[in-house]
Amino acid sequence: MRKILYLMTVMAGVLLVNACKDDDVLSGNPQMEFKVTHDDALFGDSLPFTVKASDVDVPLSTLKAQLFFGNEKVSETVIRTKTSGEDYSGKIYVPYLKEIPNGKATLKYVLQNINFTISEKEVQLSLARPDFPYLTLVAEDGKEYQMLRKSLYEYSVTDRFPNEVKGYIVAPKVGEHGNEITFGWGGKAITEGVKSNITFSNSTAGKYAITFNTLSYEGSPFLNLTVDGVKFEVLDSESLGADLSLKQGQKLNFAGVPDYDNWWIDPDFFKKNNDGTLEFLPVGGSYRVIANMKHKAFFVEAMQGSEPATLQEDGTGAIWVIGQHVGKPSLSAKEVGWVTENALCMAQHEPKKFQITWVAGRSLRTNQVNFVFFQKKAWAPAFRSNVLTSKSDLVDVGTGKTGNGVDDGNIFLREGKSFIPGHIYKFVVDVTAGIDKAVLYVTDEGEQTIEIKEISLGGVKMSSMDGETYTATLSLTQNQSIAVEGISSLNEWWLNPDYVELQGNALNFLPLDGTYRFTVNTAGKSISVSRMSGDADATLGADGHGAIWLMGWGVGSPSLDKQFGWSPGAAYCMPEVASKVYRFTCTAGPEKGSLAGDRIRADYVSCKFFHQNGWGGEFGNANPLTVAPGSEAYIKNSGNIELADGVKLEIGETYVLTVDLTAGNDKGVISFVKKQ
């Protein structure tokens, strides 16, 4: 017990002594001497500072640099200060923020010792937004594009882009203390300091501008097309799609569609109402509404899940059209051809009855058709003659070479028959009796009014059946000026550079004297030309004069959307620009999403030159063209003209292909050079 009382007495004494010492604690006197400081800076700077910190009485604790925009602290740097009298250095970041104008900020330094005594000093800082010389768009694939300064805060890059570009933007360091600043997607808008991809989206692939404002953070282009609240997603280089479950008679509301009132509406699927909505005409089901941005046209495809629908055994599903001489919204805009991706889906207005309509002379050739009805959006199965019977006096179903001479299942015009220009024709495939007992009906639905414009070249009035494609044949001399009437803003058109060049609102004709057919496409704003011999296509003469015709893949005109392929009658006429010298000027482009003038694929070419518009005389293995010295770096002749091994052309660069027959048709030389 005595020991316990003794310990308690001792402890009480210790506490009393300590209490007396607390009363004598020194507050200290922190002092700052500034070695490096600033009175102006740029947003995005990391400002260095050096402060000599001291307190002779009490050990120091921390040195803080704090930046205030108004009353809001936006940045802070904290440094541990262990030794009095030392120099302490650090940096404080000046945030780069949206829509903050040039102005004043407060930079506060706070020195604190271990007894929480502080000293403060404030500095008024003049801040300005950096004027970046350029920005860099870093695309998802790693490719970088320099965005040029257009004006204060405004930057832009114009290039050949897909219709959707994902990437972030980097601003370079500006000034002695600047930092790179990144701009990315912050979830709902563009924000600074992140590298999450921004998704820029344009109506079509091709050459367009991507812009960004470093003050407002506004960027472009951004598309937000919706139908009944469902957003359209990118399908390919020219189309967006939205998948919906639709009912017959349902009214669809579209939003965000540029120039909506002037879009073409597929009459098999929609009827446009006065309030701008589209009434859905087929039976209910799953469908994909497709917005073709290039042609400003709405299409529809029946769907099964995420795939195009197929015809079922019970007659439900879909029937597709693939083939030549039909197209929507017009032949000149988008002929189907033998390309499965271009297949047209028929509309099922009544169960097991599928229809498609065309306008003769516009979307249906008046004197020739050659297409097949398929049970899926692919090459097979097709409706052959054993399962499809025609009840039309206009068209019939091919039964094969040993039958009526037309490929089995191909639809063709009966002998002596044609479609009346301007009339609407409805084709119906009825499978109510079974998909192996299909019946084809064709009805004339009456005339559709087509506006024919007054267009003339060199005083010759051009003719047209569809209101889009106009033709005229002229007798011309080299360098003759051709007056153009009925077309304005020709500088916005694509003009075949081997045939004509623009001079005011007239055309200067470039090839040798002769007779030429001009084709004006008002929908695509292009003018093309081919040489004639009387009313027929010109041919190559034994003397080396006339015309050379180009067919094959990887080449097209006015763009690669119209590749020549190997279809007789679809070849391209190369002009004789000098005696026995023929030329094809082409810009290298991508297979899809090409622009007018992109007439050769950058990555693949397989073509051949013919003496006529179709099969027959050709520059092939028996009569080869010699590749000119230097051109081997680009092309080779292996029977067909192809790109040299491992060669890819530069997209956007222009090349000139020349066939020179001055030494004779059997000693032709082909050259391929990059235009300087």
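Q: How do you know that Arg-601 is buried?

A: Check its relative accessible area, which is 12%. Buried means under 20%, exposed means over 50%, and partly exposed is in between (1.4 Å probe, protein chains only). Since 12% is under 20%, Arg-601 counts as buried. By the way, this is a predicted model, where local features need pLDDT of at least 70, side-chain atom pairs count only at pLDDT 80 or more, and totals for chains, interfaces and linings use all residues. Residues are numbered from 1 along each chain as its sequence is written, and side-chain values use heavy atoms, with hydrogens and water left out.

Q: Why is the contact of Arg-601 with Glu-591 called a salt bridge?

A: A salt bridge needs a side-chain nitrogen of Lys or Arg within 4 Å of a carboxyl oxygen of Asp or Glu. Here the closest N and O atoms are 3.6 Å apart, so the pair passes. Arg-601 sits in strand β57 (residues 598-601) and Glu-591 in the loop between β56 and β57, so the pair ties together parts 10 residues apart in sequence. Strands (E, at least two residues) are DSSP runs, numbered from the N terminus.

Q: What makes Arg-583 and Asp-498 a salt bridge, and which parts of the chain does the pair link?

A: Their N to O distance is 2.9 Å, which is within 4 Å, so this one counts too. The pair links distant parts of the chain, 85 residues apart: Arg-583 is in strand β56 (residues 581-589), and Asp-498 is in the loop between β46 (494-495) and β47 (500-503). Asp-498 is buried at 0% relative accessibility, while Arg-583, at 25%, is partly exposed.

Q: How many salt bridges does the rule give?

A: The count comes to 32. Some are joined up: Asp-266, Asp-268 and Lys-328 are linked in a network of salt bridges.

Key. Helices (H or I, at least four residues) and strands (E, at least two) are DSSP runs, numbered from the N terminus.
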